[in-house]
Amino acid sequence: MTDPTPAGDQPLPVVEDTATKASAAPALFVAAGILASRLAGFVRQRVFAHYFGATDAADAFSVAFRIPNLLQNLLGEGVLSGSFIPVYASLRARGDDRERRAVASAVLWLLILGSAVVVLAGVLMAPWLVDLISPGFEGAKRDLTITLVRILYPGAGLLVWSAWCLGVLNSHGRFFLSYAAPVVWNAAMIVALIVRGPGQDVSSLAVELAWASVMGSALVLALQLPSVLRLLGGLHATLGRSSEHVRTVVRNFAPAILGRGVVQVSAYVDIAIASLIASGAAAILSYAQMLYLLPVSLFGMSVTAAELPAMSSGRGSEEEVARHVRTRLVGGLERIAFFVVPSAVAFLALGDQLAAILYRGGRFGAAESAWVWRALGGAALGLTAATSGRLYASAFYALRDTRTPVRFALARVALSLTLGLVLALVLPRTFDLNPLWGVAGLTVASSAGAWIEFALLRRALSRRVGATEPGAGRFGKLWLAAILAAAAAWLVRIPLKNRGGLAAAALIVLLYGAVYLLITWSFGFRQIAWAASRMARLRRGRAT
């Protein structure tokens with residue numbers, strides 16, 4: 001391969017490349033949409049924590065909420081990213097409007113048929129699914145979980161159709177709407193909690209919250225569908241059986257579904273193990289994952305979502321396509337690292353402060369914040385690998401290879417499962433620890449699996465497109481800046497111990513972020529300044 005990626009402590013030319021800057025702009029819109037959605041999600045989770053705490057009803061809702069996600073993950077955004085978006089984006093880049101519209105319509109009808117079958121099966125098989133996913137649930141807790149699963153499954157079907165809308169909108173560069181749309185879903189649940197929560201039995205409140213979730217899912221779809229139909233000029237009544245492009249999408253569906261299914265199995269295994277740890281363990285895991293997934297979604301997903309259509313649009317010889325993918329990949333990795341590295345250090349050093357800011361109040365107290373921190377610390381160990389791994393997997397999707405990521409996902413799940421059983425169940429009992437330490441053991445095991453998957457993806461992709469590792473020196477500077485910022489935050493935290501409550505926690509976290517930005521600026525990183533100037537230009541352009 002020619003044009004190898006520069007190594008060492010030299011600034012990366014690709015970061016200043018025009019194409020990379022162009023791809024950074026869509027990432028800003030994705031990040032803005034995700035940020036709006038996640039902020040609404042945190043408000044929802046904070047209100048949820050206030051009314052539910054770490055009760056049995058909180059466990060039941062947390063588990064029931066995850067079971068229908070199998071449908072959303074198998075047929076939703078992850079699978080469409082690996083099968084539909086690369087084909088649709090390529091047709092759009094070539095100007096083949098008739099075929100791209102036919103492909104989009106065929107994929108939607110296939111998704112409607114497939115999701116309807118899975119929703120019906122999920123509703124009918126809810127008792128068996130609950131027993132499989134949460135074997136530690138018994139009696140009223142199990143019955144409530146079954147009821148919630150049956151209510152939530154149709155909402156997951158609606159979100160699958162919404163993911164199809166997202167695929168079309170992303171391929172047309174319309175990033176903000178699809179990622180901001182879940183705000184209305186969160187809003188529906190927040191309203192239900194605030195209106196019905198005071199004085200309500202938590203089990204009854206969980207049922208009403210589930211119905212609010214289904215209504216929110218319908219609103220998410222309704223918000224996106226008009227824009228999609230305008231882009232497509234309506235829908236065609238066809239399954240596209242004669243279209244080679246539709247057959248390509250369908251062929252890629254199977255390995256993409258398998259890959260997402262493997263990851264989902266890993267998540268369900270974590271839930272099953274958590275149900276065996278102790279009462280409240282599933283809720284603690286859910287609270288920690290809500291925090292952990294913020295940088296994964298906000299930074300990892302935003303860059304990945306913006307880069308996939310761009311990487312899929314590469315044309316020319318095999319070497320030219322490889323160089324195109326490599327250029328975008330390396331630039332994306334640095335943009336991800338700038339935000340994910342400080343997120344990982346913050347989880348390790350200030351996890352209890354973050355948990356207090358978001359969840360403290362009502363039934364959620366200092367003890368719950370401490371357990372969430374321990375779980376976050378385990379997750380932080382694999383945060384950079386998990387977020388960067390998403391971008392590597394998307395590079396394979398852009399190269400029309402959905403099978404390689406599946407093999408590596410299997411290795412990840414095997415390691416996470418084996419290590420998770422040991423760290424979550426065996427180790428606490430062996431050393432007579434509080435069983436809730438097992439939740440942290442689960443997140444440590446997941447981090448180990450993420451690093452294995454990341455290493456395998458990077459090695460395999462480097463063989464195909466050339467070296468993909470950005471300069472180690474620049475990444476080292478990011479880690480150094482984050483560690484120094486954490487040290488500064490602790491210098492303020494120590495004298496404020498047991499004082500100030502939420503205000504002190506917010507001050508400490510804000511100080512951490514400010515010091516990190518100041519140090520990285522002195523090191524020559526200008527991501528924040530560029531993003532701010534870009535958004536200002538976009539606002540001025542829309543105003544004129």
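This is a predicted model: local features need pLDDT of at least 70, side-chain atom pairs count only at pLDDT 80 or more; totals for chains, interfaces and linings use all residues.
Residues are numbered from 1 along each chain as its sequence is written, and side-chain values use heavy atoms, with hydrogens and water left out.

The chain contains 20 helices and zero strands, assigned as DSSP runs numbered from the N terminus (helices: H or I, at least four residues; strands: E, at least two). Of its 544 residues, 56% count as buried, a class defined by a relative accessible area under 20%, with exposed residues over 50% and partly exposed residues in between (1.4 Å probe, protein chains only). Among contacts (heavy atoms within 4.5 Å) with a separation of 6 or more, 87% join residues 24 or more positions apart.

In soluble globular proteins, nonpolar side chains tend to be buried together. A nonpolar core is taken here as a set of buried Ala, Val, Leu, Ile, Met, Phe, Trp, Tyr and Cys residues joined through side-chain atoms within 4.5 Å. The largest such core comprises 148 residues, and those with the most contacts inside it are Phe-52, Phe-84, Trp-164, Val-168, Tyr-359, Val-372 and Tyr-512. The greatest contribution to this core, 20 residues, comes from helix H13 (residues 318-359). When residues up to four places away in sequence are not counted, Val-168 touches Phe-84, Tyr-88, Ala-104, Val-228, Leu-231 and Leu-232. Ser-388 is located in helix H15 (residues 383-398) and counts as buried because its relative accessibility is 10%. With the same exclusion of residues up to four places away, Ser-388 touches Leu-333, Ile-336 and Phe-454.

Aromatic pairs were defined for rings of Phe, Tyr and Trp (its six-membered ring) with centres within 6.5 Å; planes under 30 degrees apart count as stacked, over 60 as edge-to-face and the rest as tilted. A search of the whole structure finds 11 such pairs. One of them, Phe-48 with Phe-52, is stacked, at 4.3 Å centre to centre and 15 degrees between the planes. Phe-48 and Phe-52 are separated by about one helical turn because they are four residues apart in helix H1 (residues 18-52). Both Phe-48 and Phe-52 are buried. The pair formed by Phe-61 and Phe-65 is also stacked, because the ring centres are 5.5 Å apart and the planes are at 25 degrees. Phe-61 and Phe-65 lie four residues apart in helix H2, about one turn of the helix. An α-helix has 3.6 residues a turn, so residues three or four places apart point the same way. Phe-61 has a relative accessible area of 4% and is therefore buried. Together with Trp-185, the residues Phe-48, Phe-52, Phe-61 and Phe-65 form one aromatic cluster.

Helix H2 (residues 56-66) is mostly covered, with nine of its 11 residues buried. The buried set consists of Ala-57, Ala-58, Asp-59, Ala-60, Phe-61, Ser-62, Val-63, Ala-64 and Arg-66. Ala-60 is 83 residues from Asp-143 in sequence, yet the C-alpha to C-alpha distance is 9.0 Å. Asp-143 belongs to helix H7 (residues 139-171) and counts as partly exposed because its relative accessibility is 45%.

Helix H2 also takes part in a cavity lining. On a 1 Å grid over the protein atoms alone, a cavity is a set of points where a 1.4 Å probe fits but cannot get out, and lining residues have an atom within 4 Å of a point. Grid points are joined across faces, edges and corners, and a volume is the space filled by probe spheres set on the points. Two cavities of 30 Å³ or more were found by this rule.

Two charge-ring arrangements are described next, with a charge sitting over a ring if NZ of Lys or CZ of Arg is within 6 Å of the ring centre and within 35 degrees of the ring normal. The charged end of Arg-374 sits over the ring of Trp-371, 4.2 Å from its centre. That of Lys-477 sits over the ring of Phe-523, 5.9 Å from the ring centre.

Asp-432 lies in the loop between helix H16 (403-430) and helix H17 (437-465). Its phi is near 55 degrees, a positive value in a residue other than glycine. Asp-432 is exposed because its relative accessible area is 71%.

How values were computed: On a 1 Å grid over the protein atoms alone, a cavity is a set of points where a 1.4 Å probe fits but cannot get out, and a pocket is an open set with protein on both sides within 12 Å along at least five of seven lines; lining residues have an atom within 4 Å of a point.
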